[in-house]
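Visitor: Please walk me through this structure. Keep it brisk.

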Amino acid sequence: MGKIVKVSGPLVVATGMEEANMADVVRVGEQRLIGEILTMTGDAASIQVYEETSGLGPGAEVVTTGAPLSVELGPGLIENIYDGIQRPLEVIMERAHSNNLPRGVEVPALDREKKWEFTPAVEPGARVVGGDVVGTVQETDSILHKIMVPPKLKGTILSIRSGSFTVTEPVYVLQKEDGTQVELTMMQKWPVREGRPYRRKFPPVVPLQSGQRIVDTFFPVTKGGTAAIPGPFGSGKTVMQHALAKWSDVDVVVYIGCGERGNEMTDVLREFPELVDPRTGQSLMKRTVLIANTSDMPVAAREASIYTGITIAEYFRDMGYDVAVIADSTSRWAEALREMSGRLEEMPGEEGYPAYLSSRLAQFYERAGSVACIGSDEGRRGSLTAVGAVSPPGGDLSEPVSQATMRIVKVFWALDSSLAYRRHFPAINWLTSHSLYLDSLKPWYDEHLGKEFMENREWAMAVLQEEASLNEIVQLVGKDSLSPRDQITLETARMIREDFLQQNSFVDIDSYSEYDRQARMLAMIRDYDSQCRAAADKGSALADLFAIPAREGIGRAKSVPADRYREEYAALSQQMEREIDAIVEKGESAL
């Protein structure tokens, strides 16, 4: 037990803490506020308190729990809404009868009273190691929760029972190799700042299908990959992350609202229960864990929320699931780091951020990956994809958080406010974004979509880049002074931008686009381009080529129902060929 000697906002200094360790969780003052030890100097501990510290003063008691900041992992995580240190917000609201988070509240993360139907997966006498699945619980219609042996334990199952149990009731007894017996429950704890173990990582070779054409076709991210969404205020970062959470082909989504505005988290809380998961037909919340740490909550808990979220995600990854962590936003998290660093009087780095900013960001993103899970079942594989938003002040991508993130992640979806103001969504700038996964994904594309898919993608990128250079000429001398081939390039680029890349999230058919549909749409636009060029070489008028009914049909191709697009696209291609041939014949007869 120690005594407070200094209070500086969320930073508290206490002496008499010689029995405590770095990273221990402590309880501060009469209200037992939650804190974590950041540094130790002799018997003096610097503590970051995860709650409002007003009213604390010198002389108040500090008691260490003797354990690092940890999360509870077990049935009951899915559909739950937590704050940055895994306190269930809905339960607290019911108990406090208030929308505000009371100080010093102690509520377990997992419901201690709810019973879950446990089905054993092993027999007594079985030898197990850390990560082995000993039983299952049907947590939601979408998620079969696998109860695993804690990673650091191994031994022989002495007894195991089926039935309905709470997360604190023993369901099996394990005899360790030294002969001691341990009663184990369906719940386990894990320190948030320590990555959960895995057998080995695999190279990323399977794309994460998001249903967003500019992502899937132009700048894909893999399952187990890392991506960042930088952009200025109002460019659609949160909208983009909502789309990824809704439509990505993952089993579990962990959405971390880290320092964002309360109204944005309110939108998530209202939308997700109403949205239907396209994979299961159930509510999207049935595979989602939400961590809400809004901008009006204590800044220290914002720093912890990222680690809380990714530890929960690793737990589901260890079951063999594909998991996506959506962090909104890492800039707010970095601001929390900067504030705590300043109060600790550490040497500031660029723009006041701590010198260890890059390494902390890397530690977060490095926990992503496609892995072989620990345990006897060598075939169990899971993936964790990390997507973080970056909110640079004024949209300046040269600031430290954006630059540090760019050096770490493999996919960079740079949002452009000018596109957003033109109502072009997703507002990803195709000239400044990049993906380093294209080479590793090429075998998957060639096998599932054919070799022409990557060729069409390269062609479309070249057309958009050529359009950017032609636009400078057009502004000087006008469009009519361009050659016919350049005018066709501009028209094709407009089709790629408006008919392919732009999506309408308010139209169900267009808000999600599967890979096969994307491939056929892009092939059709390229076919139109090549036929127009051939016709122009034979003297056909460009105005006639641009005005054919099939050209309008391509523009409306994205609104064709999902069960009819193959037939309609094939018919549209034939119609386009007939109409362009008719224009060519008309031009030749005129000659």
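Guide: Questions and answers on a few local features follow.

Visitor: What kind of model is this?
Guide: Local features are taken only where pLDDT is at least 70. Side-chain atom pairs need pLDDT 80 or more. The model is predicted.

Visitor: Is E51 buried or exposed?
Guide: E51 is found in the loop between strand 5 (44-49) and strand 6 (61-68). Its relative accessible area is 4%. Buried means under 20%, so E51 is buried.

Visitor: Which backbone nitrogen does the side chain of E51 reach at 2.6 Å?
Guide: Among the residues E51 touches are I34, G104 and P298. The E51 side chain reaches the backbone nitrogen of I34 at 2.9 Å. At 2.6 Å, the nitrogen belongs to G104.

Visitor: Which way do A45, I47 and V49 point from strand 5, and are they buried or exposed?
Guide: In a regular strand, side chains alternate between the two faces of the sheet. Here A44, S46 and Q48 point one way. A45, I47 and V49 point the other way, and all are buried.

Visitor: Which residue of strand 5 is the bridge partner of M40?
Guide: Strand 4 (residues 33-41) pairs with strand 5 in the antiparallel sense, over six bridges. The two form a hairpin with two residues between them. Strand 2 (residues 11-15) also runs antiparallel to strand 5, joined by four bridges, and its A14 stands opposite A45. The partner of M40 is A45.

Visitor: How much accessible area does the nonpolar patch of I473, L476 and V477 have together?
Guide: I473 lies in helix 11 (residues 451-477). I473 is partly exposed, at 39% relative accessible area. Together, the patch on the surface has about 320 Å².

Key
Residues numbered from 1 in each chain as written. Heavy atoms only, no water. Patch = residues over 30% accessible without salt bridge, like charges linked within 9 Å, V, L, I, M, F, W, Y side chains within 5 Å. Areas by Shrake-Rupley, 256 points an atom, 1.4 Å probe, with all protein chains shown as cover. Salt bridge = Lys/Arg side-chain N within 4 Å of Asp/Glu carboxyl O. Buried < 20%, exposed > 50% of the residue type's maximum accessible area, 1.4 Å probe, protein only. Polar contact = N/O pair within 3.5 Å; in protein donor to acceptor, adjacent residues only side chain to side chain. Contact = heavy atoms within 4.5 Å. Pairing = 2+ DSSP bridges. Lists of a residue's contacts leave out its neighbours within four places in sequence.
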